[in-house]
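Visitor: Could you walk me through the model shown here?
Guide: Gladly; let us look at it together.

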Amino acid sequence: MLVRPTHKHGLKAEMNVVPYIDVMLVLLVIFMVTAPMLVQGVQIELPKVAAEALPAPGEQRIVTLSVKDDGSFYWNLGSEVDIESQTDSAPSKEAMREKIAAIVAANPQTQVYVRADQHADYASVVAGIAELQRGGISRLGLITEAP
């Protein structure tokens, strides 16, 4: 005859979570140490003035620079923002800088607006803006279109 041993306490069917808490705390410390190293960016200086309305047509000269998806540039020179017309074009950023710098040198109050094709490479747009800055152009704005 088999006799079952009697236990004072029944079997415990619960999980020991202490090792999981230890692992979680180690991962937390690792993420806290590495997170500041992952943050990278470019320092920019944002304007500290309130936005102003665009001047009425005829008050100033405006260059509307467009960046195509292949990285080439074309622009329109006029008294208002015009995205339909094309005054001149340039196959490279250096040629664009020389031509637009000449336009701005003739009239220092010329405002330059940059617009880019949605499929244009971000690097092409930033390189174009950098070339404009190298050309001495400081009055620069960006154009976006509503979806």
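Guide: First, a term: buried means under 20% relative accessible area, exposed over 50%, and partly exposed in between (1.4 Å probe, protein chains only). This is a predicted model, where local features need pLDDT of at least 70, side-chain atom pairs count only at pLDDT 80 or more, and totals for chains, interfaces and linings use all residues. Residues are numbered from 1 along each chain as its sequence is written, and side-chain values use heavy atoms, leaving out hydrogens and water.

Visitor: Is S72 buried or exposed?
Guide: The cut-off for buried is under 20% relative accessible area. S72 has a relative accessible area of 12%, so S72 is buried.

Visitor: With which side chain does the side chain of S72 make a polar contact?
Guide: A polar contact is a pair of N or O atoms within 3.5 Å; within protein, one must be able to donate a hydrogen and the other to accept it, and residues adjacent in sequence count only if both atoms are side-chain atoms. At 2.7 Å, the partner of the S72 side chain is the side chain of D70.

Visitor: Which residues does S72 touch, not counting those up to four places away in sequence?
Guide: Contact means heavy atoms within 4.5 Å. With that sequence limit, S72 touches S66, V67, A90 and P91.

Visitor: What separates the C-alpha atoms of S72 and A120?
Guide: Along the chain, S72 and A120 are 48 residues apart. Their C-alpha atoms are separated by 9.5 Å.

Visitor: Where is the place of S72?
Guide: Strands (E, at least two residues) are DSSP runs, numbered from the N terminus. S72 lies in the loop between β1 (62-67) and β2 (73-78).

Definitions and conventions:
Helix = DSSP H or I, 4+ residues; strand = E, 2+ residues; numbered from the N terminus.
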